[in-house]
Amino acid sequence: MGVERPTRASSEGVRKSMQSNRGKDTRPELALRRAVHALGLRYRVSVRPLPSVRRTADLVFPKVKVAVFMDGCFWHGCPDHHTKSATNAEYWAEKVRRNRERDAETDRLLREAGWTVVRVWEHEEAIRSAELVAEAVRAARQSHCL
């Protein structure tokens with residue numbers, strides 16, 4: 001990264017806030033998982049679709065090669081909800097830019113390996129996101145059977 005990473009949080013409040021950020025099993029992820037499960041689909045959670053690539057998908061359907069990522073609005077630069085950080089703005093802008101680059105690279109690597117990639121934003125309605133996942137799984141099953 002071109003911007004120097006801060007060695008400590010700018011305040012105690014920021015430190016506590018950052019420590020409370022969950023890497024997995026967030027409220028939106030759990031809602032998506034419940035909605036996908038309610039549609040009768042079974043999946044694996046927090047799995048690397050490609051073991052040789054250090055990227056973890058939120059939901060994975062290994063038999064039909066569908067990987068689902070739920071992107072956080074702040075961390076992945078949602079065009080509708082991303083807010084710029086008031087402190088360490090350069091660092092966080094660079095962090096989000098790199099996250100988006102890594103997302104694009106992950107999508108490319110998975111597609112090259114024959115995977116279908118589904119990306120949903122954390123702010124999207126869980127039911128609608130689950131329907132998108134179900135559509136991708138159905139399509140993958142149909143092409144898998146041909």
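**Aromatic pairs, a helix and its packing**

Five aromatic pairs are counted, where rings of Phe, Tyr and Trp (its six-membered ring) pair if their centres lie within 6.5 Å. The model is a predicted one, in which local features need pLDDT of at least 70, side-chain atom pairs count only at pLDDT 80 or more, and totals for chains, interfaces and linings use all residues. Residues are numbered from 1 along each chain as its sequence is written, and side-chain values use heavy atoms, with hydrogens and water left out.

A pair of aromatic rings is described by the distance of the centres and the angle of the planes. Planes under 30 degrees apart count as stacked, over 60 as edge-to-face and the rest as tilted. Phe74 and Trp75 make an edge-to-face pair, with 5.1 Å centre to centre and 85° between the planes. Tyr91 and Trp92 are also paired edge-to-face, at 4.9 Å centre to centre and 75° between the planes. These four residues, Phe74, Trp75, Tyr91 and Trp92, form one aromatic cluster.

Phe74 is partly exposed at 24%, and Trp75 is partly exposed at 28%. Tyr91 and Trp92 are both buried.

Another ring has a charge over it, meaning that NZ of Lys or CZ of Arg is within 6 Å of the ring centre and within 35 degrees of the ring normal. The ring is that of Phe69, and the charged end of Arg119 sits 4.3 Å from its centre.

The protein as a whole has five helices and four strands, taken as DSSP runs numbered from the N terminus (helices H or I, at least four residues; strands E, at least two). Their order along the sequence is α-α-β-β-β-α-α-β-α. Of the 146 residues, 35% count as buried.

Helix α5 covers residues 126–145, 20 residues in total. From first C-alpha to last it reaches 28 Å, close to the 28 Å expected at 1.5 Å a residue; the expected span is 1.5 Å times one less than the number of residues. Its buried residues are Ala126, Ser129, Ala130, Val133, Ala134, Ala136, Val137 and Ala140. They lie on the same side of α5 because they cover an arc of only 165° around the axis, taken from the directions from the helix axis to the C-beta atoms. The buried residues of α5 pack against α2 (27–38), β2 (57–61), β3 (66–71) and β4 (116–121), with contact meaning heavy atoms within 4.5 Å.

How values were computed:
Buried means under 20% relative accessible area, exposed over 50%, partly exposed in between (1.4 Å probe, protein chains only).
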